Every structure is written in structure tokens, then in C-alpha cells.
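Trainee: Could you walk me through this model? I'd like the overall picture and then a few residues.

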Amino acid sequence: MAGTGGGAYTGAELAALIRSLDRAEDNHLFAEDVVKTYPQFAAEYVRACPTRIDLGTAAKRAQEGEYTTDPTLAGLKADVQLMVSNCMAFNGKEGPYADIALRFEKYAMDKIDSFISHKTGGKRVSSLRLQAIPEKPRAQTKKKPPHDGAASAPVQVTVKDMVALVNALVRREDADTFEIDVGEKFPQLKESYDAVCPDKMNLRLMKERAHSGYYLEDTADIIGPTVADSLRRVRADIELIVNNCIRFNARVEEWIRLALSFQNFAHRRVDDFVLRHAPHLRGTAVGATRYAAQTPAPAQAAGGSDAITPASSQPTPPSADAKAVKRPREEAAAPVAQRAVKAGPRVEVRVDSTPAVCPTPLQPRMEVPPALRHRVVADHVRQSELPARLVGCSVPAADLAPHAPEAPSGSVVITPEMSVRAVMDSFIESMHAFYTAQRNRTDFNDPFKFSLKEEAAYVQVVKAIRGQFNRLFPSLLLYPAESAEVQERTAKEVAAATAATPPPPQDEVAWDAAAHCSYLVRFLLQFPQLAALACASDVTATPYPSAAGPAPGRRPPGVPASTPTLKITQDLLEVVKHVAVVCQELLLFIEAYEARLMADA
């Protein structure tokens, strides 16, 4: 049998251990390759996670003897950490998927350590390592002078270490500002951005360099005489990202502050990485201090009077608020540079502006697809003149696709295929097909199950979304102009009804069959928080219960009211997270569904 000869463990028992790491409470996220489970995301996932691993692949490797010879199972632990880092790189450092990934990592590491302890009879793994790797004679060991990077023992830094370091530079508050090239994200600004920043750099390019081994090609560059002189190639790329941001957004205080914040954060991460691998450098100069002192002033970085600078009448970026720096958007700064290159009327960014929201346990964070986000914001801007989008109504085509590069002309009649009901029925159908296909797979021995219970939980959430949509549509999802039109239509239906066929009560109307799916998008953005508030309880104290004082719960004059406090149990919080996951997937499905309808039109 593979993996049984001469190894610390057998391949079969390691494969069984790996299979036991798959849990239903983790939604089987790590059971198999994401590219196989979700082929529609293959290109995007491979771009974000070039090195892929999953529990099925790890179990196969174990049966082939890959992990069996290492008593510490360091290779298996590294693959578990790669699963977690890939999950967070693709889905974000915050949110339901990140929470699942962190819980999975803790569970997997604990179970692997427990397995090692059981198989070794409680012996220390370090003693096994000494038996497997003979210790060198003491005569060959020389004491190195402190803080001498050149004379220190060689430091082993792997490609996987560098990939993990670059992944650690991604921050939620940067909102992918430094991850994607500005010219790629905003094609209309590519010409002006290339003129100001000819040398491109972003975190995505750094990840590619890390995977290719670029940062490890020069061994003298990895660990230098000081912390600040170590990993110079990584630090040079960080500086290029920072300087490009400052040059392109010259004299825009919010963006300069964000760039300097990222610079300090990134160099501190690199400093910590160097000290973990070369502790003898502790006490030497660090990069966070050195590079902050070397950063040129914004006016100098912009190149003096000839540089691209914003006009005095520029629109205020969304990060002008004291708290909005946490989630700046490049859309606000981008038109500034464009207007400086091409003289023209003032550009007021409205549709692309997004308010900064700090997620809380009762307000889960979701990533809204750009096409849907554009329409939601455009609807809010035009709320006073927005027509109701009901089946059978004719609406401007541009209203349904404000994100299109060329605004479609003419009008569109909303058909039943565009309704909320059609979208949700199609989503449920695709979900059933996915789970059925997974349970019927024949290309994997002992496949990880996609349980009927998990499938039923998805169906329950979708049914709850449909029911609450029908109940709340008239009161929660409509702007005043839309509400007036809907009420007028309802009144006509009531007037046309006969005694034999009376209209249904308002709270029993099947609005999902009549409303355009854009209303479902509005609802999904609010539903997880509504569900959380419904599950939470008010634990605000009611002071002043004494008989001599005011009545219980009544506040005396001059005494401040107590701050309301909400409490939610951990079990209910997990339910809310599951609801947020379903809403997130439904938003992605709506984007693909509408794109398919537009292609077929």
C-alpha cells in the first residue's frame, strides 16, 4: 500500500484523518476544488488563488504517501493553512466565509495535533524530529555575533511563506484600492494613469511575483544586516504602490492619508515577518520607520507645478467624513486626475459613490456585484422620478442597465421572466441540480457528502426571503414615486374586482410575481440585518425601581437615558451568517441571470 513503507504514519490512516476534517457546519467549503464545485468562478478563482488545495486532493496525496514520512505532519498543516488563506483571499478577510475558514483552521490544527499525540504515545514531536534528522556535531556549531545578518545562519524562507506574506498585506479598509490596477478597474482613466504612473504595481502583481519566486531569487536580498535592509524587493514594490497612489491623487488629502496608512501597515507586516525568521535582527532599524521618513511630500511626489492636481471645485471624495477613510473608493479620486488632463466641465460623481459601512454582528457584510450596485445607487439618485417596475409596464432600457458602457436606448416591457418569482424559481432549480450532481458524483472515492439537510436549509432560507419580500414590498422597498404608482395600480384592480372575485388582502398579494428582480436586490441588501434584528433581544436595563422614586423605567429629569443594548445568542448568530451567505449567492445569481436575459434579447 502506498505510504506504508518506512513512514511515520500509513497513508490510509492519514487519508481518514483528512476526511474527518470535513464538517457540515463548515458548509463543506474545503471538501473539493472550488473550480470543480463552481466552474463559473474558475477564471476568477485561479487568478486569486493560483496554488489550489482541498481536502479531497490532500486525502489523495496522503494515500500516495506524501505526508507519511514527516512525524510533525508539517506538510499537511501547511496545506490546511493554504486552504484557509485561499478562502480568505477569494472571499475577503471579513464576512461569513472568513469566519468559517478561521473556525476550520483551529479545528483542523487541533485534530492533527491530537492525532500526532495519539500515534506517538504522548511523546514530544521534537524528540521524533531529532531521531529523524541527526544532530550535527557541536564542533561544527559556531556562535554568531548579534545583529550580523551576513554572518547569521542561512534563513529558510519558502515561496509559500512569501505568498502568505503578500496575502497578509490585504486590508478590508482599503477596499481593493491597492489590489487591482487603476487602468484595469477604470478603463476610461487608463491613458491618464499610464502618463502619471508608467511603472505599474499592485498587490495582485506582488502575488504573482511571490508565486514565481521572484522575491527569493537574490538570497542576499532576503535577510540583510538590519530588518529594514531585509526583503528589499518586497519593500520596493510596496513603495511603488504607495508612490503611484500619491502621484495620481496629488493633494487629495484622504487618498494620501490612506496611502501612508497602507505604507506603515505593510512595512510593519514585513518587519514582523523578518523578525520571525531572523530573530537575531531584533533591535536593528525597522522598515516602518525608515521608509516613512523617505517618502516624499505629496507636492514633490506629484512633480511640482506640472503634475496632475485636482481643481478647487472637485467633488468631495466619499472618504471626506472622519470615519469614511475605512472604505475609500477609487471612483471618487479617479475623475480628479481625468479632469486635470482633459479640461472640461465639472464632474460630479454620484452614481459610483458608496457610503462607508462598518459591519457588525447584526449587520453582516456582503459584496454587491458592480452591475447591481450601480443600479441601486442610480435608483436612489433618481428616486423622485423613478417609475414602478412591474410586469407589463414599459420602462426606459437605460434604467435597467445604468452600468452599461453605452446606455441602451428605447424602452423595455417587463416580462414575467424578469420578475422576482422567475429569478427565485431558477435559483432553487439550479441549487437542487447542484446538490444532486454532487451526491451522484462517481469520480471520487468516498466523496464528501452534500447532505439533504444542508440543501433543505437553503430552501428554507429562500422561502423565508420570498415570504418576507411579499409582505414588506409595499412598505419597505418602494420610493415615494414608485409607491404612488403601485397604489394607483392596486386601486384600479380593486375597482375592477367583482363580488365573486374579490382582491386578496394587501399582505397576501404575490408581489414576487409582479415585481421586477431589481426590487429583490434592494431587499437582499437589507434582509440579513432584518433577520439579525428579529433574532436579537433588548437587554437595556430599566433603572430607578425604588418606591420613593419615579415609576420603574421612567427617567427622572436631568438623568441621561441608558444606551439600548441588543443581545443575540451564538446559535442565532450562526443562522444569520447562513442567511447572509444565501443572500450573497443569490445576488451573484441575479447578476448572471440578468446578463443571460440581456444576451438573449
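Mentor: Happy to. Helices (H or I, at least four residues) and strands (E, at least two) are DSSP runs, numbered from the N terminus. This is a predicted model, where local features need pLDDT of at least 70, side-chain atom pairs count only at pLDDT 80 or more, and totals for chains, interfaces and linings use all residues. Residues are numbered from 1 along each chain as its sequence is written, and side-chain values use heavy atoms, with hydrogens and water left out.

Trainee: Thanks! Where does Asn470 sit?
Mentor: Asn470 is in helix α21, which spans residues 452-476.

Trainee: Is Asn470 buried or exposed, and why?
Mentor: Asn470 counts as buried because its relative accessible area is 13%. Buried means under 20% relative accessible area, exposed over 50%, and partly exposed in between, using a 1.4 Å probe and protein chains only.

Trainee: Which residues is Asn470 in contact with, leaving aside neighbours within four places in sequence?
Mentor: Those are Val509, Ala510, Trp511 and Asp512. Contact means heavy atoms within 4.5 Å.

Trainee: What does Trp511 pair with?
Mentor: A search of the whole structure finds 13 aromatic pairs. Rings of Phe, Tyr and Trp (its six-membered ring) pair if their centres lie within 6.5 Å; planes under 30 degrees apart count as stacked, over 60 as edge-to-face and the rest as tilted. One of the pairs is Tyr193 with Phe248, edge-to-face at 4.9 Å centre to centre and 85° between the planes. Tyr193 is in helix α10 (residues 190-196) and Phe248 in helix α13, so this pair links distant parts of the chain, 55 residues apart. Both Tyr193 and Phe248 are buried. As for Trp511, its ring forms a tilted pair with Phe473, 5.1 Å centre to centre with 35° between the planes.

Trainee: New topic: what's going on around Glu217?
Mentor: Glu217 is in the loop between α11 and α12 (219-222). It counts as exposed because its relative accessibility is 55%. Its side chain joins that of Arg233 through a polar contact of 3.2 Å. A polar contact is a pair of N or O atoms within 3.5 Å; within protein, one must be able to donate a hydrogen and the other to accept it, and residues adjacent in sequence count only if both atoms are side-chain atoms.

Trainee: Which ring does Arg233 lie over?
Mentor: Arg233 lies over the face of Tyr214, 4.5 Å from the ring centre. The charged end of Arg209 also sits over the Tyr214 ring, 4.4 Å from its centre. A charge sits over a ring if NZ of Lys or CZ of Arg is within 6 Å of the ring centre and within 35 degrees of the ring normal.

Trainee: Last one: how about Thr436?
Mentor: Thr436 lies in helix α20 (residues 420-439), and its side chain reaches the backbone oxygen of His432 at 2.8 Å. Thr436 is partly exposed, with a relative accessible area of 37%.

Trainee: And how many helices and strands does the protein chain have?
Mentor: The chain has 25 helices and four strands, and 43% of its 601 residues count as buried.
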